[in-house]
Amino acid sequence: MTTLAGTRGATVWNPVVEETEQPYSTYSESSNPSMEASEFDENMPPQRSSSGRLSNFFRFFRKRRLQRTQVAGDFQFATAAQRENPFRQPFRLYILSIFAALGAFIVGMDISLVSGAQIFYNTQFGLNTNYQGLTASGTLIGALFGSILSIFANNVFGRRGTIFFASMISIGGALWEALAPSWPMLLLGRFIVGIAMGMLSCTVPVFLAETTPAYIRGALTSLYQQSVATGIFIGYVVDAIFVYVPGNIGWRVMLGSSMVPAIVEGCGIIFLPETPRWLIKKGYDEYALNVLLSLRSTREQALRDFEMVKDTVLEERQASEGKNLYLETIRVASNRRALIVGIMLQLFQQFCGMNTIMYYVDYTFHHMVGVSRRTSVIASMVAGFANAVFTIPVYWTIDSYGRRSLMLFTFPIMVAMLLVGGFSFFGSQWLNFTLVIISIAVFIAAYSPANGPVPWVVTAEIYPLYIRSECMSISTFCNYMFNFVVSFSWPDMLASMTAQGAYGFYALMTTIGFLYIFFFMPETKGYTLEQMKVVFEKSSFDIARYHWKCLTQNAKRLLCLSVEDSHITSPYDTPWPEDL
């Protein structure tokens, strides 16, 4: 395989960079040559005075920020203007990304619509806690089947075709829910909507990742989670509008309103192009090149991406010929490590307790805290608004600070807020209400720019092209399986463990997630999709050992202690093999 010059050894931010050696150029050095180098002189001995220690404390984090903005991967080929403003891309790229991400709007709306609707259909159909949990999580059962169905749909119809068919299925399911005369029919309608949700969750992140340049891939792929969060908020607004509709009409309109974004998505997606990587995989090279020319800022960038993808597709086709692709996901060590990371990220996304908050926020405030239906609906709108707003910072942080850093920074905050939310139930009603809404708002503020989008961004980018549909289907299947377990079990957990025990359980799981991410999750920022296999070439224990060494060295530097003058080699920042 022919490797383009400069594409080997994509640079990602390493938590420890040798103080006397800077093997990679930094963004600041490329874009702002006038910056005084002495300002970040790393050879100065640490100051022992109190003011010196404070100065070194701030210099430490300034260096970390400088190192995080290294010119990496795809950025090596960017023009000066692109490095200065990486979001200066063709307008067509943003139109494509927005319309593709609209599919996730359907997923988000269902989460919040059922939260308001269940207050009414539970009473109408006389559902107990088991049936209540089954109805709320009925879409998740359908999503398990939808994620499997997406493998066939993606391989045959492509990313665009899969999104179109999922939109049509969602329209039919929403109508079925709205017109359901009985509980079994309502459950069937939610199952149909869930099939569409599974297909969209498998396909939309991949569609976004395969069409965007590497240096803004994290931001644009995060549009999936932004669309989910915005859909959740709009769903709560719809709940608030129809909460006072008399009779059995209000909850039917709530559930049926999800067909609106499905109609818009179905009509808009037919005017968008297919992803270049899928087109090249199927042999439509000329069409793929034309798509890249319309989605890249320069012709040179489009040609380089085309050649890189073309070479990778040919190599993977030869390597996988006559092989079972599902066995390839576990037989090849790098594929297996990537799949494990993807599954674990989906596990900790669900077992942090976020979806128990969003599915049951109306139920929590109305039945557990004891406030009126109107107050509970308004409180749910606040939660939905916070989720949508606090997802926005991800666009400026995920490609600058990296995926792993965002997760490590926000997980402790989520643990603290879960504990606050659990202990708040020891107080009076209004103290309980105040602390619950504060803890939920802060929890969402920490979750939305990190644990919300990062698992979808990482799973959309770490799998090789020839098994991307299969691996993404497995990851999404696990996501909805974990989601179902969390959503279905929540009412029984509250009944058997009380709120304190239930919130404490999710605080423990989030703590375990923090430890897993710290040791075993590599940083994927800066790699092109074709270079991503380098990240998982070394064993998980090599990665864990590297992160531990980085922690100890950074802690010593932060405390102005002496550190060995040696560079720690990153196990997931090695050059590509010569035969590539």
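Trainee: Why is Met381 called partly exposed in this predicted model?

Mentor: Its relative accessible area is 23%. Buried means under 20%, and exposed means over 50%. The value for Met381 lies in between, so Met381 is partly exposed.

Trainee: Where does Met381 sit?

Mentor: Met381 belongs to helix α19, which covers residues 373-389.

Trainee: What makes Phe233 a contact of Met381?

Mentor: Contact means heavy atoms within 4.5 Å. Phe233 is in contact with Met381, and so are Tyr236, Val237 and Ala240. That list leaves aside neighbours within four places in sequence.

Trainee: How far apart are Met381 and Val238, in sequence and in space?

Mentor: They are 143 residues apart in sequence. In space, the distance is 9.6 Å, C-alpha to C-alpha.

Trainee: What share of the contacts in the protein joins residues 24 or more positions apart?

Mentor: Such pairs make up 83% of the contacts with a separation of 6 or more.

Trainee: How do you know that the span of helix α21 agrees with its number of residues?

Mentor: Helix α21 has 21 residues, 403-423. The expected span is 1.5 Å times one less than the number of residues.

Trainee: Where does α21 bend?

Mentor: The bend is at Thr410, by about 25°. A proline, Pro412, follows within four residues.

Trainee: How many helices and strands does the protein have?

Mentor: There are 25 helices and zero strands.

Trainee: What percentage of the residues is buried?

Mentor: Of the 580 residues, 59% are buried.

Notes. Residues are numbered from 1 along each chain as its sequence is written. This is a predicted model: local features need pLDDT of at least 70, side-chain atom pairs count only at pLDDT 80 or more; totals for chains, interfaces and linings use all residues. Side-chain values use heavy atoms; hydrogens and water are left out. Helices (H or I, at least four residues) and strands (E, at least two) are DSSP runs, numbered from the N terminus. Buried means under 20% relative accessible area, exposed over 50%, partly exposed in between (1.4 Å probe, protein chains only). The bend at a residue is the angle between axes fitted to the seven residues ending there and the seven starting there.
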